[in-house]
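Please have your viewer ready.

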Amino acid sequence: MEVRAKKSLGQHFLTDLSVARQIADALIVPDKPADDGSQAVPGRTDVLEVGPGMGVLTQYLLQRPELNLKMVEIDRESVDYLLVNFPQVNGSLIEADFLKLRLENFFSGDFCVIGNFPYNISSQIFFKILDYKDSVPQVVCMIQKEVAERIAEKPGTKTYGILSVLLQAWYDIEYLFTVGEGAFNPPPKVKSAVIRLTRNSRTSLGCDESLFKTVVKTSFNQRRKTLRNSLKPLILDKAAREGWSVEQAEAFVSDPVFSLRPERLGVEDFIALTLKFSQTLS
């Protein structure tokens, strides 16, 4: 029994077993203190694999006894294949759309996420993970190389963007290795990369999180323009709400940050900018 790769689902099945093993090994489960206070012992953690397909990665995850593995797969053909070839996943395999799944119904505490993410929805998957950032301490995934570089990039480059800021606000990001087109069937037209996201120690942005997302997204919607121009809709809205005079509006945008392009700002800079939009002009 084989599974047909479906273009509508963005499926490119990983066939290189050495790459699959490297991805599985990249998930780090921290040790936990022994009950008697002696040397730490291997921990055990809940893990969700997104889009297991034909189980090339799954087989190596199942070999790790410290992982309590669940899988979510939208493709019925893949589900049937997994149940036949990996009968031990029965009861742990969720047939559903990950993007629509209420993950709290399947995990009572923290859980890690791993998978070969479909390229056509990888950004949506990351936004979903951000919704559960306080429950997801680690993510290991293979995505399009260009997207991986963008996520891991630092301020000041052309590839740095919305996902870079939003993910780096909550996660430390490591670019682990590049994967060539020949590792898949059918081969994609682009190279892939494996990255690891590890939750940082931040518990709060110190600003309105919804407004932070709006400021970041609006800033990069016209990334070639300075913030004075790209954030004009938010500036005009704030001016209208607070009844600014022309002089007050000019004073607000006189801050040097508005003369910069968005790729020049790091996470802390965007937090400070969000706070500026939150404050009432005196």
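Predicted model: local features only at pLDDT ≥ 70, side-chain atom pairs only at ≥ 80, totals over all residues.

Residues are numbered from 1 along each chain as its sequence is written, and side-chain values use heavy atoms, with hydrogens and water left out.

**Nonpolar cores**
- The largest nonpolar core has 58 residues, and Phe 117, Phe 126, Phe 212, Phe 258 and Leu 273 touch the most other members.
- Such a core is a set of buried Ala, Val, Leu, Ile, Met, Phe, Trp, Tyr and Cys residues joined through side-chain atoms within 4.5 Å; buried means under 20% relative accessible area with a 1.4 Å probe, protein chains only.
- A second, separate core of 31 residues includes Val 56, Tyr 60, Val 79 and Phe 177.
- Leaving out residues up to four places away in sequence, Leu 273 touches (heavy atoms within 4.5 Å) Val 215, Leu 227, Leu 231, Val 257, Phe 258 and Leu 265.

**Helix H5**
- Val 147, Ala 148 and Ile 151 are buried in helix H5 (residues 145-152); helices are DSSP runs of H or I, at least four residues, numbered from the N terminus.
- These residues cover an arc of only 100° around the axis, which puts them on the same side of H5; the arc is taken from the directions from the helix axis to the C-beta atoms.

**Cavity lining**
- Leu 130, Lys 133, Leu 166, Trp 170, Leu 205, Glu 209, Phe 212 and Lys 213 line the largest cavity, a set of points on a 1 Å grid over the protein atoms alone where a 1.4 Å probe fits but cannot get out, with lining residues having an atom within 4 Å of a point.
- Helix H7 (residues 209-221) gives the largest share of this lining, 3 residues.

Key:
1 Å grid on protein atoms, 1.4 Å probe; cavity = no way out; pocket = protein on both sides within 12 Å on 5 of 7 lines; lining within 4 Å. Helix = DSSP H or I, 4+ residues; strand = E, 2+ residues; numbered from the N terminus. Buried < 20%, exposed > 50% of the residue type's maximum accessible area, 1.4 Å probe, protein only.
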